[in-house]
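Here are my notes on the model you sent over. Have the structure open while you go through the points.

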Amino acid sequence: MKKVIVMLLAASVLSMGTAQAAESAGPISRWLNNVTSKVSRSEQNAAQKAQERQRKEAEKREKARQKRLEKQRKAAAKKAEAKRKEAERKKKVEAKKRQWRELFNID
């Protein structure tokens, strides 16, 4: 009976000591902090790299979209200019036709 009580007492003291050691800045907790800090640091670095990669990809897509829009604007402006010139040319042709008709029309 005494052995069982001593063993229970020793187990309770050890468990209290373990909890206290984990809370204090002892060698075990420092080692554990060092190990976990390395892992968390590498995870943070990986997350930062992934975020940077996503940001660069988003910038690249935005640049491509802007370039495409600029190309479309230029094409639309070129088309409008061609239509304007065509209308101007047709107007000149109609004016010439009218002049020739008036010249050869006998009233």
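1. A term to settle before the rest: a salt bridge here is a side-chain nitrogen of Lys or Arg within 4 Å of a carboxyl oxygen of Asp or Glu. By that rule the count comes to eight. One of them joins the side chains of R55 and E59, with N to O at 2.4 Å.

2. Some housekeeping. This is a predicted model, so to speak of local features pLDDT has to be at least 70, side-chain atom pairs count only at pLDDT 80 or more, and totals for chains, interfaces and linings use all residues. Residues are numbered from 1 along each chain as its sequence is written, and side-chain values use heavy atoms, with hydrogens and water left out.

3. Now the overall fold. The protein has two helices and zero strands; both terms refer to DSSP runs numbered from the N terminus, helices being H or I with at least four residues and strands E with at least two. Helix 2 covers residues 27–104, and the pairs discussed below sit in it.

4. How much of the chain is covered? Of the 107 residues, 2% count as buried. Buried means under 20% relative accessible area, exposed means over 50%, and partly exposed is in between (1.4 Å probe, protein chains only). The protein exposes about 10,600 Å², with carbon and sulfur atoms supplying 60% of that. Those areas come from the Shrake-Rupley method with a 1.4 Å probe, and for residues only the protein chains shown count as cover.

5. Back to R55 and E59. Why are they about one helical turn apart? Because they are four residues apart in helix 2. R55 is partly exposed at 39% relative accessibility, and E59 is partly exposed at 39% too.

6. E81 counts as partly exposed at 31% relative accessibility, and R84 counts as partly exposed at 43%.

7. Then there is K97 with E94, whose side chains meet in a salt bridge at 3.8 Å, N to O. Again the spacing is three residues within helix 2, about one turn. K97 is partly exposed, with a relative accessible area of 41%, and E94 is partly exposed at 43%.

8. Which residues make the nonpolar surface patch of about 390 Å²? W31, L32, V35 and V39. Patch members need over 30% relative accessible area and no salt bridge; nonpolar side chains (Val, Leu, Ile, Met, Phe, Trp, Tyr) are joined within 5 Å, like charges within 9 Å. V39 lies in helix 2 and is partly exposed, with a relative accessible area of 43%.

9. Last, the aromatics. Rings of Phe, Tyr and Trp (its six-membered ring) pair if their centres lie within 6.5 Å; planes under 30 degrees apart count as stacked, over 60 as edge-to-face, and the rest as tilted. By this rule there is one aromatic pair. W100 and F104 form it, and they are stacked, at 5.6 Å centre to centre with 10° between the planes. Both lie in helix 2, four residues apart, about one turn of the helix. Is F104 buried or exposed? At 60% relative accessibility, F104 counts as exposed.
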